Amino acid sequence: MKLYTVLQFVSFLAVFIGAYYGISEISKNNVEDGINKFIQIGVMPLLFIGFLRHTLLSGNIIKSHPFFEVEAGGANLGIFVSLLAGYLLKIPVISMVCILMSLLVYLVVGLIAHVYYFKKIKFVNVAKFVSINSLLIYFIYKGIEM
């Protein structure tokens with residue numbers, strides 16, 4: 001199995017584990033803790049691994065577009081650093097939710113780009129985007145609702 005495939009699996013597994021613990025906390029009316037767990041366990045590993053996949057393994061994911069790969073890696077790193085700085089500075093959860101909104105926009109644009117630019121659209125790729133975007137929408141909604 002190729003390294004980028006393993007890294008992608010690990011990052012998606014982290015997202016769904018983070019979502020599980022986050023939703024579990026939210027169901028106990030600990031919305032702030034739920035959002036924090038989702039970000040720490042799921043989103044931050046997704047972003048950092050995304051950075052590694054797109055930059056160090058550039059050309060392995062989208063063979064003919066290494067520039068896009070590095071640019072996507074930089075976007076992942078930028079959002080990761082924003083979330084990390086938010087935790088280190090202990091910013092309010094609503095501010096962290098705003099950073100999640102930027103990730104949502106980035107991933108929606110990524111989905112649109114996949115559908116528009118690739119001649120063969122793989123259902124699996126679309127499903128990955130839709131599932132993560134759905135989780136982001138849920139946690140953003142819960143954060144705004146607080």
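Helix α2 bends by about 35° at Ile39, the bend being the angle between axes fitted to the seven residues ending there and the seven starting there. The model is predicted, with local features needing pLDDT of at least 70 and side-chain atom pairs counting only at pLDDT 80 or more, while totals for chains, interfaces and linings use all residues. Residues are numbered from 1 along each chain as its sequence is written, and side-chain values use heavy atoms, leaving out hydrogens and water.

**Helix α2**
- α2 covers residues 31–55; helices are DSSP runs (H or I, at least four residues) numbered from the N terminus.
- Its 25 residues reach 34 Å from first C-alpha to last, close to the 36 Å expected at 1.5 Å a residue (1.5 Å times one less than the number of residues).

**α1 with α2**
- Helix α1 (residues 3–27) packs on α2 at an angle of about 175°, their axes 7 Å apart; axes are lines fitted to C-alpha atoms over the stretch in contact, and angles run from 0 to 180 degrees between N-to-C directions.
- α1 is therefore roughly antiparallel to α2 (an angle over 145 degrees).
- Their contact has 15 nonpolar, six polar and four charged residues (nonpolar: Ala, Val, Leu, Ile, Met, Phe, Trp, Tyr, Cys and Pro; charged: Asp, Glu, Lys and Arg; polar: the others, Gly among them).

**α2 with α5**
- The axes of α2 and α5 come within 10 Å and cross at roughly 150°, so the two helices are roughly antiparallel.
- Their crossing is left-handed, with the near helix turned anticlockwise from the far one by less than a right angle.
- Phe38 and Leu46 are among the α2 residues that meet α5, where the partners include Leu135 and Lys142 (contact means heavy atoms within 4.5 Å).

**α4 with α5**
- Helix α4 (residues 93–117) and helix α5 (residues 123–145) have axes that come within 9 Å and cross at roughly 155°, so they too are roughly antiparallel.
- α4 passes α5 in a left-handed crossing.
- The contact residues divide into 19 nonpolar, five polar and no charged.

Notes. Parallel < 35°, antiparallel > 145°, perpendicular 65-115°, else oblique.
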